[in-house]
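Thanks for coming. I will go through one model today, starting with charged pairs and ending with the sheet and the cores.

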Amino acid sequence: GLASPDANVRRQWSERFHQKEYVEYEPSPLMNGLRRLTEHADTFVVTCNIDGHFARAGFDEERVLETEGSTRTSVDERRLAHPDQLDELARLVQAHRNGRVAILELGVGLHNGVIKRMLAQIANACEHATYIVFNYGQAMAPDASCETILVDGDMAPAFEEIARCHP
């Protein structure tokens, strides 16, 4: 598949994956709810997903950092981060470091240290950050010196409740 040493096999798998997971993808109610909750906020997404679902759900593609690459770019390119995206993230953190910042860690597994460390660094750089972890069975506090809220359970009901409270 995508890890094959044969470039033709990787390209075929990439094309199939892109068609199924990006072109044919319809945002889930959970993804639509997340977009509605954040549409009036200055938002930046850091994800290990490679499928482009955040962009397809209406998030600004320039503010979606896919840390493990993207099927929208060539598998052979394997870009880990576009420098412009990292610059944009740094600008966002600088602009809001003295304001109220909410960091939502959604379903990041215990073994994804790249994202956990990056989000903890952002939280530590912001004076009034609240770090909220949603993870079914793995809601662990980050290594960050800020207010932390752990939600060990399904995100969907929590988002539905937040949406009811959010105008």
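Glu88 and Arg91 form a salt bridge through their side chains, at 2.8 Å from N to O. By salt bridge I mean a side-chain nitrogen of Lys or Arg within 4 Å of a carboxyl oxygen of Asp or Glu. The two residues are three apart in helix H4, so about one helical turn separates them. Helices here are DSSP runs of H or I with at least four residues, strands are runs of E with at least two, and both are numbered from the N terminus.

A word on the source: this is a predicted model, where local features need pLDDT of at least 70 and side-chain atom pairs count only at pLDDT 80 or more, while totals for chains, interfaces and linings use all residues. Residues are numbered from 1 along each chain as its sequence is written, and side-chain values use heavy atoms, with hydrogens and water left out.

Arg91 is partly exposed, at 49% relative accessibility, whereas Glu88 counts as buried at 18%. The cut-offs are under 20% relative accessible area for buried, over 50% for exposed, and partly exposed in between, with a 1.4 Å probe and protein chains only.

The whole structure has four salt bridges. Another of these joins Glu105 and Lys116, whose closest N and O atoms are 2.6 Å apart. Glu105 belongs to strand S3 and Lys116 to helix H5, so this pair ties together parts 11 residues apart in sequence. Both Glu105 and Lys116 are buried. Through shared partners, salt bridges join Asp42, Arg63, Glu88 and Arg91 into one network.

Next, the sheet. It is open, with three strands in the order S3-S4-S5 and parallel pairing; two strands count as paired if DSSP finds at least two bridges between them. S3 and strand S5 (147-151) are the edge strands, each pairing on one side only. S3 and S4 are joined in the parallel sense by seven bridges. Val101 is opposite Ala129 in S4, and Glu105 is opposite Val133 in S4.

Last, the cores. A nonpolar core is a set of buried Ala, Val, Leu, Ile, Met, Phe, Trp, Tyr and Cys residues joined through side-chain atoms within 4.5 Å. The largest has 22 residues, and Val46, Leu89, Ile103, Ile122, Ala123 and Tyr131 have the most contacts inside it. H4 (83-96), S3 (100-106), H5 (113-125) and S4 (128-134) each supply at least two of its residues. H5 gives the largest share, six residues. Leaving aside residues up to four places away in sequence, Ala123 touches Ile103, Ala129, Tyr131, Ala144 and Cys146, where contact means heavy atoms within 4.5 Å. A second, separate core has 13 residues, among them Phe54, Val64, Ile132 and Phe134.
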